[in-house]
Structures are given as structure tokens and as C-alpha cells.
Amino acid sequence: MNPEKDFAPLTPNIVRALNDKLYEKRKVAALEIEKLVREFVAQNNTVQIKHVIQTLSQEFALSQHPHSRKGGLIGLAACSIALGKDSGLYLKELIEPVLTCFNDADSRLRYYACEALYNIVKVARGAVLPHFNVLFDGLSKAGPAGCSRLSQGLGLESVGHPWSCI
């Protein structure tokens, strides 16, 4: 990732935190993204909302660097949370990079992808139904049977997990 590149409207602090190896710093960046997107929603600024989602997808979630991918995933989930009921308008753009991360060799990254997808779907609710087939296919391919952490994240080990609500 090019540190000189302009990621506006994401601030340099947000960009730096999204690339950090520490989850706590990426979480702080996600909260800032959530606040930023809420402002754009209040202003009905769809151009900036789309730009933030595209930047998080292309520059972070689909990056070659694992910490950047994790930052992109948490950032996309934060966008969905900020969009609330309007997240259905951007579902394709929010979901596609997350599903791409399901194919990653790193089981931790696949876990973060599952967590991001859960948060996106939790907010979008019924709007995800047109995407159900691709979501189910992605989830079924997300983790090998031997990856217990991913299985826990997917809710495959306990029927009461929130995934069963979806």
C-alpha cells in the first residue's frame, strides 16, 4: 500500500490505524469510519459513501497485506452499521470483498471475514435475501472442518449462536 496515496475522506490517522497489526487500533479506526459515514448519511452524500466503501474494498480488504485486509473488513462492517437500514443500497459493494476474503489461506483472516459478514447481515436483515445463495456458498467454503476458531465464528458448534438467527 502506497503511504503517499490520498485516501480522502479517510484521514491519515484512520488509514494508519486500519493498517496496524493491533486489533484495538483497527477497531478505533472502524469507529471513526462509522462516525464519518453517519455524517455522510445525514448529509445524504451518496458519492462520499460509495467512495469510502470502494476505498475500503479496493485498497484495504483486497490488499496484499494481511493487516490491511483485516482493517478493510472491519471498516466495511463499520460502514454497514453506520448506514443502518440504508445498507441494503450498498450490499453488493459491502459483501463482495468480504466473500473474496473467505478464500484466503489465513484462517484468522477468514474468521475476520465471517465476523464482518455477520455484522453486515445483522444490519441489512431482509435486504440480503437476494444475495442468499452467494452468501451461503461463501460461508460453506469459508473454513475447513479442522478450523475450530472459524467454526465457532460461524456458529457451527452451538445452535444458539447469532448466525442461527440469520
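These legends describe close-up views of a predicted model.

**View 1**
The protein has eight helices and zero strands. Read along the sequence, the pattern is α-α-α-α-α-α-α-α. Of its 166 residues, 46% count as buried. The protein exposes about 8900 Å², and carbon and sulfur atoms supply 54% of that area. Among contacts between residues at least 6 apart in sequence, 63% join residues at least 24 apart.

**View 1. Helices α3 and α4 pack at an angle of about 160°.**
Helix α3 covers residues 46-61, and α4 covers residues 66-83. Their axes lie 8 Å apart. An angle over 145° counts as roughly antiparallel, and α3 and α4 are therefore roughly antiparallel to each other. Their crossing is left-handed. From α3, the contact uses Ile49, Val52, Ile53, Leu56, Ser57, Phe60 and Ala61. From α4, it uses Ser68, Arg69, Gly72, Leu73, Gly75, Leu76, Cys79 and Leu83. By class, the contact of α3 with α4 has ten nonpolar, four polar and one charged residues.

**View 2. The buried residues of α3 pack against several helices.**
Buried in α3 are Ile49, Val52, Ile53, Thr55, Leu56, Ser57, Phe60 and Ala61. The partners of these buried residues are α1 (12-18), α2 (23-42), α4 and α5.

**View 3. Helices α4 and α6 pack at an angle of about 10°.**
The two axes are 8 Å apart. The angle makes α4 roughly parallel to α6, since values under 35° count as such. Helix α4 brings Pro66, Arg69, Lys70, Leu73, Leu76, Ala77, Ser80 and Ile81 to the contact. These meet Leu109, Tyr112, Ala113, Ala116, Asn119, Ile120 and Val123 in α6. The residues of this contact divide into eleven nonpolar, two polar and two charged.

**View 4. Ser80 is a buried residue of helix α4.**
Ser80 has a relative accessibility of 0% and therefore counts as buried. Setting aside neighbours within four places in sequence, Ser80 is in contact with Ser87, Leu94, Asn119, Ile120 and Val123. Asn119, Ile120 and Val123 are among the α6 residues that meet α4. Leu94 belongs to α5, where it takes part in the contact with α6.

**View 5. Helices α5 and α6 cross at roughly 160°.**
Helix α5 covers residues 91-101, and α6 covers residues 107-124. Their axes come within 8 Å. The two helices are therefore roughly antiparallel to each other. The crossing of α5 and α6 is left-handed. On α5, the contact is made by Leu91, Leu94, Ile95, Val98, Leu99 and Cys101. On α6, it is made by Leu109, Arg110, Ala113, Ala116, Leu117, Ile120 and Ala124. The residues of the contact of α5 with α6 divide into twelve nonpolar, no polar and one charged.

Leaving aside neighbours within four places in sequence, Ala113 is in contact with Leu73, Val98, Cys101 and Phe102. Ala113 and Leu73 are 40 residues apart in sequence, yet 6.3 Å apart in space from C-alpha to C-alpha. Leu73 and Ala113 both take part in the meeting of α4 with α6. Val98, Cys101 and Ala113 are among the residues of the contact between α5 and α6.

**View 6. The peptide bond from Ala8 to Pro9 is cis.**
Its omega is near 15°. Most peptide bonds are trans. Pro9 lies in the segment before α1.

**View 7. Asn44 has a positive phi.**
Its phi is near 55°. Most residues other than glycine have a negative phi. Asn44 lies in the loop between α2 and α3. Asn44 is exposed, with a relative accessible area of 63%.

**View 8. Arg125 also has a positive phi, although it is not a glycine.**
The value for Arg125 is about 50°. Arg125 is found in the loop between α6 and α7 (132-142). With a relative accessible area of 60%, Arg125 is exposed.

Note on methods: Residues numbered from 1 in each chain as written. Predicted model: local features only at pLDDT ≥ 70, side-chain atom pairs only at ≥ 80, totals over all residues. Heavy atoms only, no water. Axes fitted to C-alpha atoms, helices over the stretch in contact; angles between N-to-C directions. Helix = DSSP H or I, 4+ residues; strand = E, 2+ residues; numbered from the N terminus. Parallel < 35°, antiparallel > 145°, perpendicular 65-115°, else oblique. Left-handed = near helix turned anticlockwise from the far one by under 90°. Contact = heavy atoms within 4.5 Å. Nonpolar A, V, L, I, M, F, W, Y, C, P; charged D, E, K, R; others polar. Buried < 20%, exposed > 50% of the residue type's maximum accessible area, 1.4 Å probe, protein only. Areas by Shrake-Rupley, 256 points an atom, 1.4 Å probe, with all protein chains shown as cover.
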